[in-house]
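Hello,

Here is the structure I promised to pass on. Please open it first, then read my notes below.

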Amino acid sequence: MRSFRTTEGCRRPHASDMKIQRYDYASQFDNFEDLIADLRSMIRQGHYVLSQEVGQFETAFAKYLECSFVSAVNTGTDALVCALKVLDLRPGDEVITQANTFNATVAAICLAGAKPVLVDVDEDSFLMNIGEALAAVNPKTLVLVPVHLYGKPTSMRELLADSGNQRFHLVEDAAQAHGARIDGRRVGTFATLGCFSFHPSKNLAAAGDGGAICTNRADLQQRLDAIRALGQVGQNNHACLGYNTKLDSIQAKVLSWKLPKLDEWNEQRRQIARMYRERLSDLPLRFQAWDGKEEHVFHLFAVRTDRRDQLLDHLQASGVDAVVRYPTPIHLQAAFSDCGWKKGQFPTAEALAGELLCLPIRPNLTEVEVDYVCASVASFLKGNVGIGRAYSV
Ligand SMILES: Cc1ncc(COP(=O)(O)O)c(C=O)c1O
């Protein structure tokens, strides 16, 4: 476990010097000479597409997830589209998901040719309202897609237990939750299929785009491998319609190199989350529910306040790179205007869109930086805006 740099013996920079960045992608490549050497030799060998590096990453990620198979693709969006396609969607099939997710979850449902059905969100977990989701199931429902938003696992055991023997598939959108666990089991592996993104912002990040689908079913894995490669099964034999969406060999190598560090990075995120929750506990803020039993991986650290927009302005003026994820819920996005959803239809998703703010969280955020963010939040919420700006000692 990492020990944090403490404030002791460390001169705090003046507030006006402070810039608390949300991301620090490049720092994950400190001491990467061995990776560069491997990449150099790989490039010199001239194998770039579905090379052994892709297979090695798929095997390593499957082992990490403790599931049987992984098929690696170009993006998390493609992972979702391929996962839905492999389940033999037919026109008119419905796929249920939540109204507060990133656009890609619902775009993938539409791109795969299904009808998206939205349900509202739980007030405390900020995740899918499981009761509403199961109530929305009907004979046209082919798939239900819970999203482990901000890195918090959806209660998969509850979902599986309560879905009983209803005939639909579960596909987990785990794009924000690599490594998160429930009772020791990794998210992505509870459902028929689990989908991941390796966008540079993610907990496990490529040096570009990437995605993957995991499953325990050999038949689905074989078909996924065909779907990601234009339906090809063996040279010149195209068994089905497919996409051209293969994880790049260079990204596979980068991901294999980073994977052994993922659990430590996730633990660092949890430590930062604990610090935030402790230091901000006496302020009028609400946090995403976290009982400490599940292994939340804090892709984002969300706080809820009805003065969100003003707090965001204040933090940005103080050099804190806070952000809103997501300011417009899915049902109010122009891209989905054909779906016929209305304002007011998913009130909790709308409330969260107006009240959630994400504070910077990344594995190498220091305690000094956490303290500065907390002081800035406190100075605003306690009405002493001057305090955060006069932070230097
Ligand atoms: C919840 C969720 N689903 C899907 C995706 C899509 O992943 P990608 O950007 O790799 O296509 C993302 C990426 O931001 C995401 O956050």
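**Around the ligand**

α3 gives the largest share of the shell around the ligand, three residues. Helices (H or I, at least four residues) and strands (E, at least two) are DSSP runs, numbered from the N terminus. This is a predicted model: local features need pLDDT of at least 70, side-chain atom pairs count only at pLDDT 80 or more, and totals for chains, interfaces and linings use all residues. Residues are numbered from 1 along each chain as its sequence is written, and side-chain values use heavy atoms, with hydrogens and water left out.

The ligand is surrounded by 16 residues. The closest are Gly76, Thr77, Asp173, Ser197 and Lys202. Both α3 (76–85) and α4 (103–111) supply at least two residues of the shell. By class, the shell has six nonpolar, eight polar and two charged residues. Ala, Val, Leu, Ile, Met, Phe, Trp, Tyr, Cys and Pro count as nonpolar, Asp, Glu, Lys and Arg as charged, and the others, Gly among them, as polar.

Now the polar contacts (pairs of N or O atoms within 3.5 Å). A polar backbone atom of Gly76 is 2.7 Å from an oxygen atom of the ligand. For a polar side-chain atom of Ser197, the distance to a ligand oxygen atom is 2.7 Å. An N or O atom in the side chain of Gln176 lies 2.9 Å from an oxygen atom of the ligand. Taken alone, the ligand exposes 390 Å², and the protein buries 92% of that. Those areas come from the Shrake-Rupley method with a 1.4 Å probe.

**Backbone points**

Glu66, at about 60 degrees, sits in the loop between α2 (52–65) and β1 (69–73). Phe126, at about 65 degrees, lies in the loop between β3 (115–119) and α5 (130–135). Which is buried and which exposed? Glu66 is exposed, with a relative accessible area of 62%, whereas Phe126 is buried, at 1%. Buried means under 20%, exposed over 50%, partly exposed in between (1.4 Å probe, protein chains only).

A cis peptide bond joins Arg325 and Tyr326, with omega about 5 degrees. Tyr326 is in the loop between α10 (308–317) and α11 (347–355).

Best wishes

Definitions and conventions: A residue is near a molecule or strand if one of its heavy atoms lies within 4 Å of it. A polar contact is a pair of N or O atoms within 3.5 Å; within protein, one must be able to donate a hydrogen and the other to accept it, and residues adjacent in sequence count only if both atoms are side-chain atoms.
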